[in-house]
Amino acid sequence: MRLRIAGCGLRISVPEGHRILAGGETTGTGRNVESRPGRALDRSFGLSPFQGWKSLCADTPVVSPPANIRSASGAEEDFLERYRSIFNSAIRNPQSAIKKSAIRNLALLIVASLLFACADSASSSKPSVENTPAQKARAETDDKASAFDGMRAFNHVKAQVEFGPRPAGSPAIERTREYIVRELKGYGLKTTLDEFAENTPLGKIKFKNVIAELPGESPNVVIIASHYDTKPFKEFNFVGANDGGSSTGALLEIARIMAADNQIRGLKRKFTYWFVFFDGEEAFCREWDECLNGNDHTYGSRHMVERLKKEKQLGRVKAMILLDMIGDKDLTVPREEGSSQWLVEAIWGTARQIGHAKEFPDRPFSVGDDDHMPFLRAGVPAVDLIDFEYGSSPEANDYWHTKEDTLDKISPVSLKIIGDVILLSLPSIEMQIR
Ligand code: 1BN
Ligand code: ZN
């Protein structure tokens with residue numbers, strides 16, 4: 001049973017078998033407290049008084065004692081004893097016992113729950129395991145969105161556009177990089193720069209990939225990535241609101257949410273995550289395959305794969321998810337055919353489940369090449385989420401690589417759809433990785 005408290009959308013739930021009395025007290029047998037299934041204890045909040053209670057805001061996990069302390073530990077016994085005594089005395093002497101002991105304990109519970117719920121409001125995606133059919137059904141209806149903030153992501157796009165054109169090696173990309181690094185470090189993520197130099201059609205250029213790490217239970221890695229450079233054009237100011245800006249904005253917000261899940265809620269993900277911002281995705285020549293025998297592009301992703309191979313670390317990377325051009329107001333992300341199909345199934349399946357089948361249509365699309373390809377070629381499962389219908393009419397792509405790729409074409413709603421779909425796909429992706 002759940003109590004809703006206006007304000008922060010707080011819900012307080014009562015163990016099965018208990019009812020909420022008119023005065024706010026709870027009653028019941030307490031028999032379900034010991035037997036309730038649940039997920040791991042959120043250690044960061046020292047929750048022992050509330051173990052066994054499903055609680056709080058919509059995105060709060062069931063907080064139950066781990067199996068190893070459920071029957072034996074002193075804390076658990078204390079908890080049970082306190083509630084047994086309240087309920088027993090309530091039955092013996094309903095007037096006085098409920099009023100004194102139960103009200104005091106319920107008040108304590110409400111105050112602590114409020115603190116917990118409000119601290120929790122910046123966090124996001126739910127843990128993946130639902131135990132009973134009822135929990136599964138509830139999870140399916142509750143889990144339609146994450147805490148991803150579309151407006152925050154949009155403001156990151158705006159900030160990038162304000163730096164102006166950001167080709168690899170330019171002063172503006174340096175400022176963009178400083179902005180990205182400042183954000184990532186602000187989320188508490190260990191952030192490193194991988195610097196390298198390559199010959200390009202414009203001579204030797206220095207590139208820098210930005211990598212932020214969120215450690216998980218396993219050293220094995222899932223990469224979520226975007227490129228943050230923009231394509232150089234002499235004839236006009238190309239600010240790449242969608243192409244470079246949108247995916248970078250969305251990735252920063254995904255990183256913030258996942259870091260908050262870890263730091264505020266104490267949730268440790270199964271896998272280590274690397275949030276990777278690639279430099280030098282764009283070709284310096286006008287056409288993608290025009291120069292350097294078709295190698296005038298994807299400088300950052302090719303470098304990362306080569307480096308991981310050299311350092312014998314590539315085997316740790318179990319999946320790579322690439323975002324590219326995902327901010328269009330008219331968001332359409334068809335299934336990228338060259339991508340690993342199990343990742344496509346996981347992501348498009350989640351999109352359908354949470355009500356975004358329109359933005360993630362089931363029809364195929366082939367991008368040919370992008371930053372996911374070096375990973376695929378090296379045997380790493382990878383997927384590209386790219387909306388290549390970015391234009392003046394639904395199927396046109398006439399804003400791509402033009403001066404029309406500006407902030408007014410970008411929507412915080414589209415960015416949030418991408419953020420929600422990615423964050424809510426992760427449990428299914430993690431489950432499929434051995
Ligand atoms: C995506 C955005 N790409 C470049 N800017 C990769 C790409 C290259 C997509 C050629 C389609 C064709
Ligand atoms: Zn481009």
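## A helix across the sheet

Axes here are lines fitted to C-alpha atoms, for helices over the stretch in contact, and angles run from 0 to 180 degrees between N-to-C directions. Helices (H or I, at least four residues) and strands (E, at least two) are DSSP runs, numbered from the N terminus.

This is a predicted model, in which local features need pLDDT of at least 70 and side-chain atom pairs count only at pLDDT 80 or more, while totals for chains, interfaces and linings use all residues. Residues are numbered from 1 along each chain as its sequence is written, and chains are lettered from A and ligands numbered from 1 in the order in which they are written.

## The protein overall

The protein has 12 helices and 12 strands. Of its 434 residues, 44% count as buried. A residue is buried if 20 or more other C-beta atoms lie within 10 Å of its own, exposed if 12 or fewer, and partly exposed in between; C-beta atoms are placed from the backbone. Take the contacts between residues at least 6 apart in sequence: 73% of them join residues at least 24 apart. Two residues are in contact if their C-beta atoms, placed from the backbone, lie within 7 Å.

## The six-stranded sheet

The sheet is open and has 6 strands, in the order S5-S6-S8-S7-S9-S12. Its pairing is mixed. Two strands pair if DSSP finds at least two bridges between them. S5 and strand S12 (382-386) stand at the edges with a single partner strand each, so one side of each lacks a neighbour in the sheet. From one strand to the next, the twist averages 20°.

S5 and S6 form a hairpin with 2 residues between them. They run antiparallel and are joined by 11 bridges. Within this pair, Thr 192 stands opposite Ile 211 of S6, and Glu 198 stands opposite Ile 205 of S6. S6 also pairs with S8, antiparallel, over 5 bridges. There, Ile 211 faces Val 276 of S8 as its opposite residue. S7 and S8 pair in the parallel sense over 8 bridges, with Val 222 opposite Tyr 273 of S8. In S8, 8 of the 8 residues are buried, so this strand is largely enclosed by the rest of the structure.

## Helix H7

H7 (residues 171-186) has 16 residues. It reaches 23 Å from its first C-alpha to its last, close to the 22 Å expected at 1.5 Å a residue. The expected span is 1.5 Å times one less than the number of residues. Ile 173, Thr 176, Arg 177, Ile 180, Glu 183 and Leu 184 are buried in H7. They sit on the same side of the helix because they cover an arc of only 125° around the axis. That arc is taken over the directions from the helix axis to the C-beta atoms. On the other side, Pro 171, Glu 178, Arg 182, Lys 185 and Gly 186 are exposed.

The cover over the buried residues of H7 includes helix H6 (150-162), strands S5 (190-200), S6 (203-214) and S8 (271-278), and helix H8 (241-263). Just after H7, Gly 188 takes a positive phi of about 85°.

H9 has 12 residues and reaches 16 Å from first C-alpha to last, close to the 16 Å expected. Its buried residues are Tyr 299, Gly 300, Ser 301, Arg 302, His 303, Met 304 and Val 305. These pack against S5, S6, S7, S8 and helix H11 (373-377). Lys 312 follows H9 and has a positive phi, near 55°.

Arg 316 is found in the loop between H9 and S9. It is partly exposed, with 15 other C-beta atoms within 10 Å. Not counting residues up to four places away in sequence, Arg 316 touches Pro 219, Asn 220 and Val 221. Arg 316 and Val 221 are 95 residues apart in sequence and 5.6 Å apart in space, C-alpha to C-alpha.

## The nonpolar core

The largest nonpolar core has 74 residues. Such a core is a set of buried Ala, Val, Leu, Ile, Met, Phe, Trp, Tyr and Cys residues joined through C-beta atoms within 7 Å. Those with the most contacts inside it are Ile 223, Ile 224, Ile 254, Ala 255, Met 320 and Ile 321. Leaving aside neighbours within four places in sequence, Ile 224 is in contact with Leu 251, Ile 254, Tyr 273, Phe 275, Ile 321 and Ile 422.
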